[in-house]
Amino acid sequence: MVDTQVLNVPADHSLNKLSEPLKQRIVAAQQNLFEMEFKNAAELCSRALSDLKIAITTPPDLSEQPPEYLGDQSSKDLFTFFSDILTQNGVPEQAVSLHAANLLHRVQLLRAYDKPDEVIRVTCDKVVEVVGGFPQTADDIRCGRNPGDVLDPYILGAAQILMCAGDFEHTISATVAHKALMIIEGLLGHLHEDVIGAMRGNVRIPEPRGDDQETMDYLTNPFPGSDIIQPPLADRPLRFYQVKSKTGSAKGGDGRRLGLQLSALTKEYGGEAYYIALIGNTLRGHRSMAGVRRAAPAVVVLVGESAFRELTGSCVGPQLLLRLYQSAFEVASQQTKYSLESVVATIYLAFQERAEELGEGFLETVLHDAIYGTPDQQDSRHYVPRRRRQRGTSEE
């Protein structure tokens with residue numbers, strides 16, 4: 001049986017007590033670094049041209065530049081760079097913009113991932129699955145998964161009058177869009193961890209197994225409190241990251257618990273711990289930073305550009321993440337073909353038919369369906385939960 005040894009740590013280090021698959025992922029992350037795959041900018045440029053099957057000559061002076069010379073350029077500068085070399089190589093003017101855009105996208109994907117197409121595919125699959133939960137019919141907005149989560153007629157009335165100039169169809173459009181955006185927000189909260197965890201030099205921490213998700217265990221829960229780690233390099237210590245979408249994503253009371261967990265990880269494994277919020281441009285108003293800092297003063301709290309720089313090792317880290325998402329969302333859109341306009345038209349028609357059935361206006365119909373029911377379902381003195389009713393029926 002193969003016994004993988006994590007690089008840059010002693011044989012008796014705690015990292016070498018982890019499960020074999022996790023150790024293999026850690027070593028892979030130690031070996032897929034950007035500067036290890038591309039010796040210079042010419043190799044990166046040639047790889048991008050080859051991947052896109054564009055037969056032009058790589059500028060020879062790029063061989064004298066490090067790979068970051070291209071990999072860490074902004075989208076605007078990369079577009080200009082590739083537009084110039086495409087034009088110099090005789091590419092027709094009408095094709096230059098398209099090829100330049102595709103090349104800059106490819107360079108940024110290669111900067112971030114050693115296997116970008118695989119990451120796009122996995123991300124796309126997750127997006128497609130979530131899009132399947134977008135509202136499709138009137139029932140999807142009348143009531144959520146929880147039977148008590150019914151469409152609020154008072155909020156709908158406010159939106160109709162205050163936002164949509166009294167137009168009920170526009171109000172339905174806003175409602176459908178809001179529900180879809182809430183689903184997208186939930187998707188991205190988890191997707192950020194997976195997609196950034198797949199970047200070069202990073203390892204996404206597996207979800208804890210078993211009932212106890214707080215206690216550290218080398219095999220079932222090796223890094224409680226951490227979403228992503230960066231394995232140790234010859235010139236960089238092991239790093240632990242707890243990643244949130246925004247500074248308000250965690251409640252204030254979570255700070256102490258997360259701080260203690262991160263501190264415990266550095267005591268066990270060594271290294272550094274970071275509490276990250278991706279979206280935001282200031283720590284002001286951070287809900288849980290104070291709790292983290294009080295519990296674990298050594299934990300570094302970062303937000304925005306500073307957070308991305310630590311997680312991605314690049315000055316264009318936010319753009320690298322955006323590029324992956326754009327690629328995955330475009331593929332997912334082609335597969336799902338979700339159309340807000342057609343869905344709203346279908347739902348509006350259903351509300352119209354329901355209003356005609358009841359002989360009431362749109363809002364009155366929503367009010368009726370959201371409020372009226374039977375006493376045994378609305379009064380705790382008579383209410384019997386469904387499970388108990390079913391159990392009683394089976395016993396009878």
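Tutor: Before we start, one term: two residues are in contact when they have heavy atoms within 4.5 Å. Also keep in mind that this is a predicted model.

Student: Okay, contacts. For those with a separation of 6 or more, what share comes from residues 24 or more positions apart?

Tutor: That share is 66% in this chain.

Student: And what is the chain built from, in helices and strands?

Tutor: It has 18 helices and five strands.

Student: What box do the C-alpha atoms fill?

Tutor: Roughly 75 × 60 × 45 Å, taken along the principal axes.

Student: How much of the chain is buried?

Tutor: Of its 396 residues, 42% count as buried. The accessible surface comes to about 21600 Å², and carbon and sulfur atoms make up 52% of that.

Student: Which way does E3 pair with it, parallel or antiparallel?

Tutor: Parallel: strand E3, residues 239-246, pairs with E4 over seven bridges. If you want a spot to look at, find Gln 242, which stands opposite Tyr 275 in E4.

Student: And how many bridges join E4 to E5?

Tutor: Four, and those two strands run parallel as well. Strand E5 is residues 300-303, and there Val 303 is the bridge partner of Ala 277.

Student: What do E4 and E5 make together with helix H12?

Tutor: A right-handed β-α-β unit, with H12 being residues 289-295.

Student: Where does Ala 165 sit?

Tutor: In the loop between helix H9 (153-162) and helix H10 (168-197).

Student: Is Ala 165 buried or exposed?

Tutor: Exposed: its relative accessible area is 77%, and anything over 50% gets that label.

Student: Which other residue has a positive phi although it is not a glycine?

Tutor: Lys 337, at about 55°. Look for it in the loop between helix H14 (317-336) and helix H15 (340-358).

Student: And is Lys 337 buried or exposed?

Tutor: With 66% relative accessibility, Lys 337 counts as exposed.

Student: Last one, charges. How far apart are the mean positions of the positive and negative ones?

Tutor: They are 6 Å apart, for 40 positive and 52 negative charges.

Notes
Residues numbered from 1 in each chain as written. Predicted model: local features only at pLDDT ≥ 70, side-chain atom pairs only at ≥ 80, totals over all residues. Heavy atoms only, no water. Buried < 20%, exposed > 50% of the residue type's maximum accessible area, 1.4 Å probe, protein only. Areas by Shrake-Rupley, 256 points an atom, 1.4 Å probe, with all protein chains shown as cover. Lys, Arg positive; Asp, Glu negative; His and termini not counted. Charge placed at Lys NZ, Arg CZ, Asp CG, Glu CD. Pairing = 2+ DSSP bridges. Right-handed = clockwise from strand over helix to strand, strands pointing away.
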